[in-house]
Amino acid sequence: MRLALAEIRRAKLRFGLLTGAVALLVFLILFQQTLASTLLGFFTGAIENQSAEVLVFDEDARRNVEGSVISPGEMEAVAGVEGVRRAAPLGEGTFTVDAGGELRDAVLFGYSLGGPGAPTAVSEGRLPAADGEAVASSVDADDGFGIGDVVEVVPGRYRLRVVGLAEGSRFSVLPTLFVSYPTFEAASLTANPDAEAVLPSLIAVDAEPGVDAVGLAADITASVEGVEALDRATAVQSLPGVAAVNSSFGVVLLLAFVTVVLVTGFFFLILTVQKAQALTLLRAIGASGGYLVRNLAIQVTLVTIGGVGLAAVLLAIAAAASSRDFPIEAEPRLIVTTGLAVLVLALAASIGAIRRVSRIDPASATTRPAGGGLA
């Protein structure tokens, strides 16, 4: 430990530059992960943060909420499947609304009050207790969707009063409102007066205690013709656009991790070559190979931890500077897990340098003129 710290103190600039490079790379990794999480949350948050354990789609919808329509017969059949505690309609639709004096698109989710499909991330206010009340996505509170604001569905001017705000509950990157199912029906008929009936988009299902949601979804799909049931996590991952976003950000993250490995590995390998004579002399005067390897590992660890710490500070600054429309959060769990992954990769990348140190022959100190030898 003492040797590792002494060398870092003597070469502050060299180790400082490496720590800065690692910090920038780790910040890129953290920022990309946070950006992807926020973007995916805007696409899928309303589905991820609702209470139904299983969501049942029309089979022909190909797991697309917008394209799914459930018939009354399918609703009854799903409710009768063993393991289903409660099945209720869940409506979804995109409407033009007047919020804060401006016309904009918004998504309405209609669920049975007290039943599955309710928003689970309410941070302010309360859940709807009657028709005409709504919980809105909190990120849109300043745009006419705050608690107490009245949102009007146009045409028809059907009024919705916001009584609560939910975190991470947007859908399709649009402002989102959770309302009672009768309210959803009324809003749909207001926007489309010629419609003869309003059918639900999905069936929201709660499982009996002890029943696995994945297994129940498979049972529903097998038992009821014309539907496809998915557990909540699978439904989120299957939504349109999610796979493309994950793939795009995955490539960037992979390149960033590979760069961290290359930068760290090459730096310590070059450093080991440059100080080969000093290491040989240390071996000649009694320092064990294990001692030198431990000091090298300590240096890698300190540089990586320092880089992760600086990256966390940069992410916190970016989070503080982010806008309410696209908030970025510096999550401690993400920082810790990413930091551990980078540390493991950095140590793995230093295997070349570690092997070189462990193979140093102390006897070679007597055969190198530059190392004080006689030959």
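**Entry 1: ground rules**
An axis here is a line fitted to C-alpha atoms, for helices over the stretch in contact, and angles run from 0 to 180 degrees between N-to-C directions. I'm working on a predicted model, where local features need pLDDT of at least 70 and side-chain atom pairs count only at pLDDT 80 or more, while totals for chains, interfaces and linings use all residues. Residues are numbered from 1 along each chain as its sequence is written, and side-chain values use heavy atoms, with hydrogens and water left out.

**Entry 2: a helix pair**
I looked up helix 2 (12–48) and helix 10 (332–349) (helices are DSSP runs of H or I, at least four residues, and strands are runs of E, at least two, numbered from the N terminus). The axes of helix 2 and helix 10 come within 11 Å and cross at roughly 135°.

Who touches whom? On the helix 2 side I found Val26, Ile29, Leu30, Gln33 and Thr34, and they meet Leu334, Ile335, Thr338 and Val342 of helix 10 (contact means heavy atoms within 4.5 Å). This contact has 6 nonpolar, 3 polar and no charged residues (Ala, Val, Leu, Ile, Met, Phe, Trp, Tyr, Cys and Pro are nonpolar, Asp, Glu, Lys and Arg charged, the others, Gly among them, polar).

**Entry 3: the largest pocket**
I got a volume of about 960 Å³ for the largest pocket. Of its 34 lining residues, Ser37, Thr38, Gly41, Gly168 and Glu331 are the closest to its centre. (A pocket is an open set of points on a 1 Å grid where a 1.4 Å probe fits, with protein on both sides within 12 Å along at least five of seven lines; lining residues have an atom within 4 Å of a point. Volume is the space filled by probe spheres on the points, joined across faces, edges and corners.)

Which helix gives the largest share of the lining? Helix 2 does, with 11 residues. I sorted the lining into 12 nonpolar, 14 polar and 8 charged residues.

I spotted a cis peptide bond between valine 154 and proline 155, with omega about -5°.
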